[in-house]
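Please read the following report alongside the sequence and the coordinates. It moves from the whole chain to single residues.

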Amino acid sequence: MGRFSISTALESDDPECSNPFDEETLLNLLKTAPPKLDTYSKFISFGKDRYQRNRVFKNQFIEILVMCWAKGQCSPIHNHSGSWCGIRVLSGVANEIRFAEGFFSLLPVSQQSFEPGSITVARDDDIHCVANFNDAPLVTLHCYAPPLENMEIFQVKSV
Ligand SMILES: [Fe+2]
């Protein structure tokens, strides 16, 4: 891998990025990401009705997004269809709920909170959703390698 990093993706309009990512390089990208929220100010924008995805960079190998979540906003429940998905919390607390497919419906199997600086990775057929349950705004950095084009969205059936 060359010198591609989150910093170069933030600073350059056309950063060099010409290799696929494995889990280790993806994790490394997130670990070496600038920790301060200010660095991402160009990409911080909240939506009134739903969480907002703000794209930093995308090519055939990776998509980098800054996502902004107001209180109560959450992603759909989804899988990752052949992509690695790494998340680093920049500000606020991220809640991640993981699901398993049961016979009749999805079952929640774990819930975890992630503080600023924490990193979590979902891969391929992992099913999860991410939410902000707190008053404080949540800002997360997401790397999808390769870009997530065909994720499936799930509904939890109520009985
Ligand atoms: Fe995800």
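## Overall architecture

This is a predicted model, and its protein chain contains 2 helices and 10 strands. Read from the N terminus, the elements follow the order α-α-β-β-β-β-β-β-β-β-β-β. The radius of gyration of the protein chain is 15 Å, close to the 15 Å that the globule rule gives for 159 residues, so the chain is as compact as a globular protein of that length.

Along its principal axes, the C-alpha trace of the protein chain extends over about 50 × 35 × 25 Å. Of the 159 residues, 26% are buried. Among contacts in the protein chain with a separation of 6 or more, 75% are made by residues 24 or more positions apart.

## The five-stranded sheet

An open sheet of 5 strands is arranged in the order E1-E2-E9-E4-E7, with antiparallel pairing. Strand E1 (52-58) and strand E7 (119-123) stand at the edges and have a single partner strand each, so one side of each is left without a neighbour in the sheet. With direction ignored, neighbouring strands of this sheet are turned by 20° against each other on average.

## Strand E4 and its surroundings

Strand E4 (residues 84-91) pairs with strand E9 (residues 138-145) in the antiparallel sense, over 7 bridges. Helix H2 (residues 23-31) packs on the sheet, where it touches E4, E7 and E9, and the direction of H2 makes about 10° with that of E4. Individual bridge partners can be named for this pairing: arginine 88 has leucine 141 as its partner in E9, while tryptophan 84 has alanine 145 as its partner in E9.

E4 is also joined to E7, through 5 bridges, and these two strands run antiparallel. Cysteine 85 stands opposite alanine 122 in E7. E4 is mostly covered, with 7 of its 8 residues buried.

In soluble globular proteins, nonpolar side chains tend to be buried together. The largest nonpolar core of this model has 29 residues, and those with the most contacts inside it are Leu26, Ile62, Val66, Cys143 and Ala145. The elements that give two or more residues to this core are H2, E2, E4 and E9.

Alanine 145, one of the residues with the most contacts inside the core, touches Phe21, Leu26, Phe61, Ile62, Ser83 and Trp84, when residues up to four places away in sequence are not counted. Among these contacts of alanine 145 is Trp84, and tryptophan 84 has alanine 145 as its bridge partner in E9.

## A loop residue: alanine 70

Alanine 70 lies in the loop between strand E2 (63-69) and strand E3 (77-78).

Leaving aside residues up to four places away in sequence, alanine 70 touches Phe46, Asn132 and Pro137. The C-alpha atoms of alanine 70 and glycine 92 are separated by 9.9 Å, although these residues are 22 residues apart along the chain.

Methods
Residues are numbered from 1 along each chain as its sequence is written. This is a predicted model: local features need pLDDT of at least 70, side-chain atom pairs count only at pLDDT 80 or more; totals for chains, interfaces and linings use all residues. Two strands pair if DSSP finds at least two bridges between them. Helices (H or I, at least four residues) and strands (E, at least two) are DSSP runs, numbered from the N terminus. Axes are lines fitted to C-alpha atoms, for helices over the stretch in contact, and angles run from 0 to 180 degrees between N-to-C directions. Two residues are in contact if their C-beta atoms, placed from the backbone, lie within 7 Å. A residue is buried if 20 or more other C-beta atoms lie within 10 Å of its own, exposed if 12 or fewer, and partly exposed in between; C-beta atoms are placed from the backbone. A nonpolar core is a set of buried Ala, Val, Leu, Ile, Met, Phe, Trp, Tyr and Cys residues joined through C-beta atoms within 7 Å. The radius of gyration is taken over C-alpha atoms; the globule rule is 2.2 Å times the number of residues to the power 0.38.
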